[in-house]
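Hi everyone, thanks for coming. Let me put the structure up, and then we'll walk through a helix and some charged pairs.

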Amino acid sequence: MSSFQSPQSELVGALYRDHRGWLLAWLRRNVACPQRAEDLSQDTFVRLLGRDELKEPREPRAFLVAIAKGLLFDYFRRAALEQAYLTELMLIPEDEQPSVEEQLLILEDLKNIDRLLGKLSSKARAAFLFNRLDGLGHADIAERLGVSVPRVRQYLAQGIRQCYIALYGEPV
């Protein structure tokens with residue numbers, strides 16, 4: 001194993017050494033579960049390691065908090081999605097409910113779709129959800145979002161593409 005470290009990994013290491021304790025304390029104030037705070041802290045630094053390019057931030061703590069807030073937002077959104085799924089599942093008669101294995105697979109698919117829809121612009125995501133969940137037509141969505149019908153079609157195509165990726169992977 002090579003002992004060579006890239007300048008990027010050295011920078012992440014320095015940020016970790018200098019600011020991890022502070023970031024963890026910040027997360028613990030914002031998350032009820034200490035283990036979740038620990039996970040989000042680690043995920044913040046893993047996210048940095050995964051970047052193609054990383055420059056030394058002028059304000060390291062603000063930089064780390066911005067990343068951690070994004071992860072925190074994702075965590076709360078996924079938790080809300082999971083709770084909504086479980087609530088809907090309770091409405092299904094017990095003998096018609098999917099098996100535990102199927103429930104876990106469905107929940108994983110929902111999380112993947114949510115993660116990929118999160119990559120869309122807010123208007124594209126809203127258009128897709130208005131159409132798929134509320135059953136609104138293109139003209140109604142265009143009026144609500146203040147955009148043209150052709151733009152709504154583009155938004156819906158983007159949403160469908162993201163769902164395809166979640167279920168089948170990137171098209172070749």
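Let's start with helix α1, residues 7-30, which has a kink of about 60° centred on H19. The bend here is the angle between axes fitted to the seven residues ending at a residue and the seven starting there, and helices are DSSP runs of H or I, at least four residues, numbered from the N terminus.

A word on the source: this is a predicted model, where local features need pLDDT of at least 70, side-chain atom pairs count only at pLDDT 80 or more, and totals for chains, interfaces and linings use all residues. Residues are numbered from 1 along each chain as its sequence is written, and side-chain values use heavy atoms, with hydrogens and water left out.

Back to α1: its buried residues include H19, R20 and W26. Buried means under 20% relative accessible area, exposed over 50%, partly exposed in between, with a 1.4 Å probe and protein chains only. Among what covers those residues are α2 (34-49) and α3 (60-90).

In α3, D74 pairs with R77 at 3.4 Å, N to O; the two sit three residues apart, about one turn of the helix. E82 bridges to K111, also with 3.4 Å between the closest N and O atoms. That pair links distant parts of the chain, from helix α3 to helix α4 (residues 100-117), 29 residues apart.

Terms used
Contact means heavy atoms within 4.5 Å. A salt bridge is a side-chain nitrogen of Lys or Arg within 4 Å of a carboxyl oxygen of Asp or Glu.
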